[in-house]
Amino acid sequence: MLKISALINENLMITDLSAGHKEKCLTDMIALLKTEGRIEDEAVFLETVMEREAIGPTGIGMHVAIPHGKSHTVKSPALVFAKSKDGVNFNAPDGSLASLIFLIAVPDTTDDLHLKILAKLARSLMHEEFRNRLLACEDKRQLFTILEEGVSL
């Protein structure tokens, strides 16, 4: 069974995202994947994620977005977490701007891993208490602990 610690670490978190629009937000998050050696090419992965965004919104509502991409440039499955005080428009059905953004990256050699991660994340994020704990916390180590406790993959 995959553990969340295999997907994310403190270096894959942004606690003060200042990007005002979706593409800048994704660019900042994807840069962390490159720095951590999880992807080979930032531009290719950005294109993959933006193509997915064009198919349909990844804003799920409740100030949450879960953009995702499956690409040959991804070396190993990863999750990037970002918090935005101002929010980013991911076209959520409830019209809310995303303050909690989770970017899922998986290699195109995996079958439906990104969908499994997406489903587990979405299920955890349905709980207001879990979302509020993430919003209130500024410390990356504590955020990691909250994610470990709150998301079972």
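## A tour from a loop to the core

Begin by selecting Met62, which lies in the loop between strand 2 (59-61) and strand 3 (64-65); the model you have open is a predicted one. Met62 has a positive phi of about 60 degrees, although it is not a glycine, and with a relative accessible area of 25% this residue is partly exposed.

Next, select helix 1 (residues 22-35) together with helix 2 (residues 42-55), whose axes come within 10 Å and cross at roughly 135 degrees. That angle makes helix 1 oblique to helix 2, and the crossing of the two helices is right-handed. To display the contact, show Lys22, Glu23, Leu26, Thr27, Ile30, Ala31, Leu33 and Lys34 on helix 1, and Glu42, Phe45, Leu46, Val49, Met50 and Glu53 on helix 2. The residues of this contact divide into 8 nonpolar, 1 polar and 5 charged.

Finally, turn to the largest nonpolar core, which has 49 residues, and in which Ile101, Phe102 and Leu134 are those with the most contacts inside it. Strand 6 (residues 98-107) gives the most to this core, contributing 8 residues. Centre the view on Ile101 and, leaving aside residues up to four places away in sequence, look for the residues that Ile101 touches, among them Leu17, Cys25, Met29, Ala65, Pro67, Val80, Phe81 and Phe90.

How values were computed: Residues are numbered from 1 along each chain as its sequence is written. This is a predicted model: local features need pLDDT of at least 70, side-chain atom pairs count only at pLDDT 80 or more; totals for chains, interfaces and linings use all residues. Side-chain values use heavy atoms; hydrogens and water are left out. Axes are lines fitted to C-alpha atoms, for helices over the stretch in contact, and angles run from 0 to 180 degrees between N-to-C directions. Helices (H or I, at least four residues) and strands (E, at least two) are DSSP runs, numbered from the N terminus. Angles under 35 degrees count as roughly parallel, over 145 as roughly antiparallel, 65 to 115 as roughly perpendicular and the rest as oblique. A crossing is left-handed if the near helix is turned anticlockwise from the far one by less than a right angle, and right-handed if clockwise. Contact means heavy atoms within 4.5 Å. Ala, Val, Leu, Ile, Met, Phe, Trp, Tyr, Cys and Pro count as nonpolar, Asp, Glu, Lys and Arg as charged, and the others, Gly among them, as polar. A nonpolar core is a set of buried Ala, Val, Leu, Ile, Met, Phe, Trp, Tyr and Cys residues joined through side-chain atoms within 4.5 Å. Buried means under 20% relative accessible area, exposed over 50%, partly exposed in between (1.4 Å probe, protein chains only).
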